[in-house]
Every structure is written in C-alpha cells, then in structure tokens.
Amino acid sequence: DSSTAIARAPARASGYHIRGITKTLTRNWKGARADFDRAVALEPREPKGYLGRARARGMLRDWSGALEDSNQALVLAPQSALALAMRGWVKNGLNDWSGALADLDRSFQFDPTQTSRYLDRAKTRKALGDRPGAVDDCTVCIKAFPDWTEPYVYRAFLRAELGDLKGSLSDYDQIIRLEPDDETGYAGRCRVRLKMKDGQGALADAEKCMDLAEWEPPFELRGSAKLLLGDVDGAIKDFNTAIKGGEEESHVAPIHLERGRAYLAKQDWAKALEDFQKAVLLKTELSAEATPLITQCQQALGLAVKPDADALLQSASEKLRNKNYHGALEDLNLAVGADPQSAKAHLSRGWVKSALKDPMGALEDYTKAIELEPRNAQTFSLRAWLKAAQGDPQGAEADFTRSITLNPADAAMVERLDRVIGRILEQ
C-alpha cells in the first residue's frame, strides 16, 4: 500500500510515485500532481517523477508545465522512448503538430513496441493532413489491442473522411460489439449510413442512440434519417427540437442547414433561405455548402443575387483543403469581383495563382493586397519568395526586410532573409 509506504518512509520518493500512478489510473489528476510534486522534490534526478507529473499537468490543461517536465525528463534520459512519447503527447496538446511528430517518430525508433502510442501519432498525422498515415497507426493499435475501442472510433472517423464508408461502417460495427450500451457507436454508424443513403439503417441507429442517450438525445440525427426517407414534416419537427435544445452555436449551425434542406423539399423558399443564412452566420465553415443553396432560394424568390465575398472566401478555403485549386480560383475570382477592396481576397488569389504556376498573376495580386493592406507582414513574405523564385533577389530582400520590420518577432523570417541575402552575395 503506497500510503503505508509513505507513512513508514516519508523521505523516499517511491511511495509518492506509486500513489501518483494509482491516482492517475483513477483520473484524480490534482491528487496525482501533488504526489508527483513530492516525488520530484525528493528525487530531482529521477525522470519518472517528471513524466508522471507531465501527464497530470497535461490532463489539467497545464500544457506549458507539462512541456517543462517532459523536457527535464529528456535532459535526464535523452534516449528514453517513454519521455519522447510523453513530449510528443504534450506537443499535440500545444498544437505543435510537427514537433509532436518528430518526437513520436524518434520514440518509435528507440522502442517500436509501445503500440498504444501509435494512437497519439495518428492524431498528429491527421492534424498534419496525413489521414492515410493516421489510419495505418490506428490499425497498429487495433492489432495490438483488439478490445480497445478508442482506436476503432478514431479510425472509423478517418475512414469516413477518406470516403471509405464500408471500412468506417465495419469499425462502428466492432465498436458496438465491444460496447453495446454506449451511444457513441450508434451515433457514428448513423452518420455513415446517412452518407450511404441507408435511411432505414440510419433511423434504427438514431432511435437506439436516443434510447441510450443520458443527456441530449440526437434529434438531429433522427431528423436527417427521416428527411432521407421522405418524412419531411417529421424531420422538421425533430430539427426544431434539436435547435431549441442546442447550447453551442457551432453545434446548432449544421442543424439549421439540414432544416433548410427540409424546407427546400417543401419548396418553402423563404424559410429555407433563413435557415441557410443562419447556418453560415453561426459557422462560416458551412459557406461552401450553403452558398449555392442560398442562391437557389434567392432565385426562386425573385431576389437579386449578390455574391458574398466572405462566403466565397470560405468556399475557396474548403476547396483548397480538398486540393481543388482550380475550383478555389473560380471562387476567388468571384470574391475579388464582389469586393475589389478585399486585401484577403487578393492575397488568397495570389497564393492560388502561384500554386497554379501563374507567377505574374500572383505578383499582381500580392502587390494589390499590399496596396490595400500595407502592414500585413505575410503578404510581403509571400511576394518576397515569389520574387526570389523569379530571379529578383534584390526585390526579395526588400520585401523580406519590410516583413521583418512589420513583425520583428518572427525569427523564422530572419532565417529566410539570411538565406536570400546569401544567394544575393553568391551572384
């Protein structure tokens, strides 16, 4: 018993460390933090105390403190796979995805058998846009721990994002087999079945999910299933209940979008338009999906259709995430037309033109963006790189210098300037 050990030898760290681990297992993070504090004070050269405290601090959302502890553990044990994995986990919490990936990769080089840590790297890879790699890491976890539901949940979500709906459905089936009384699996499988246009299956999952829900029954899922099956009035009723009970605007926004589709099916253009506009107001990320529906309603109502520059910028952003550069350029052309004084529209269009190998068009847009917003360091930096690539090192140096003047805290920019100056001196 750790408490007995502490009572017998209060000056030894081992008792506090064991009790800290026990509290960690029971998710008593404040108690664990206190015990690891004592363990570290008694044995400051022992890395395991810092690692235990790093975990507790991270779970208490003290990520900077967790980073300090994981750094100290690595000072004491530079080749510790566990310490590297812990720091990778902490960097995930700090949204330092590249740093997290580097630490986790090194951790596996020292100890490839720590398979549970592959889930941490899966989350890192997803954040960096490597969804196939994230799926692979989840699969490693699943092979090692076939009864652990979390990697199934994460892989199911990733597979759905990648369009592998059958694979995602299989994962949710397994989650439900492992935890038949948990609503998570049914809710996820319902969403996949909705994408697969399986209205009956989606409705059955939504009903089961509502039976199991302790707090907020997912009326919006049942509404979407009903809409898919043609029960438009039933769908609207469920959407109304979901919106009324919703607390977070970001949660309610997609329900407005779905209810708008239901009103669209009834050809109630005015109510549909109101819902689509509300969805975008609450969550701008829905602009790409909502904008054509808004236009359809406006045309049906005989209203003058005026392009919305902000909505078009958001639509372009969504297309860029899907590597649809030409579609994004179309949206950005419309955005510039809708608001010629938008520096953001010109800056974004310049970046896309550069990606599409149109350097002169990109240079023109960057220059216009600087004219409209002359204190934006990012625009000077992008134009500098473009000038350097086009064989204008003096122009690149001038733009980099201006960028640093506007944002002197950007150390990376100084490094870039040094490289550009180096190329100038070599000529």
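Me: Leaving aside neighbours within four places in sequence, what is Trp269 in contact with?
Reply: Trp269 is in contact with Leu264, Gln296, Cys297, Ala300 and Leu301, where contact means heavy atoms within 4.5 Å. This is a predicted model, where local features need pLDDT of at least 70 and side-chain atom pairs count only at pLDDT 80 or more, while totals for chains, interfaces and linings use all residues. Residues are numbered from 1 along each chain as its sequence is written, and side-chain values use heavy atoms, with hydrogens and water left out.

Me: OK, cores. How many residues has the largest nonpolar core?
Reply: It has 25, and Leu257 and Phe276 have the most contacts inside it. A nonpolar core is a set of buried Ala, Val, Leu, Ile, Met, Phe, Trp, Tyr and Cys residues joined through side-chain atoms within 4.5 Å.

Me: Which elements give two or more residues to this core?
Reply: Helices H15 (232–245), H16 (249–265), H17 and H18 (287–300) do. The largest share, seven residues, comes from H16.

Me: Switching to charges: how many salt bridges does the count come to?
Reply: The count comes to 37, taking a salt bridge as a side-chain nitrogen of Lys or Arg within 4 Å of a carboxyl oxygen of Asp or Glu.

Me: What about Asp233, which side chain does that one meet in a salt bridge?
Reply: Lys266, at 2.9 Å from N to O. Asp233 lies in helix H15 and Lys266 in the loop between H16 and H17, so the pair ties together parts 33 residues apart in sequence.

Me: And Lys226 with Asp238, are they buried or exposed?
Reply: Lys226 counts as buried because its relative accessibility is 17%, and Asp238 counts as buried at 3%. Their side chains meet in a salt bridge of 3.2 Å, N to O.

Me: Last one: what phi has Lys323?
Reply: Lys323 has a positive phi of about 65°, although that residue is not a glycine. Lys323 is found in the loop between helix H19 (309–321) and helix H20 (325–338).

Note on methods:
Buried < 20%, exposed > 50% of the residue type's maximum accessible area, 1.4 Å probe, protein only. Helix = DSSP H or I, 4+ residues; strand = E, 2+ residues; numbered from the N terminus.
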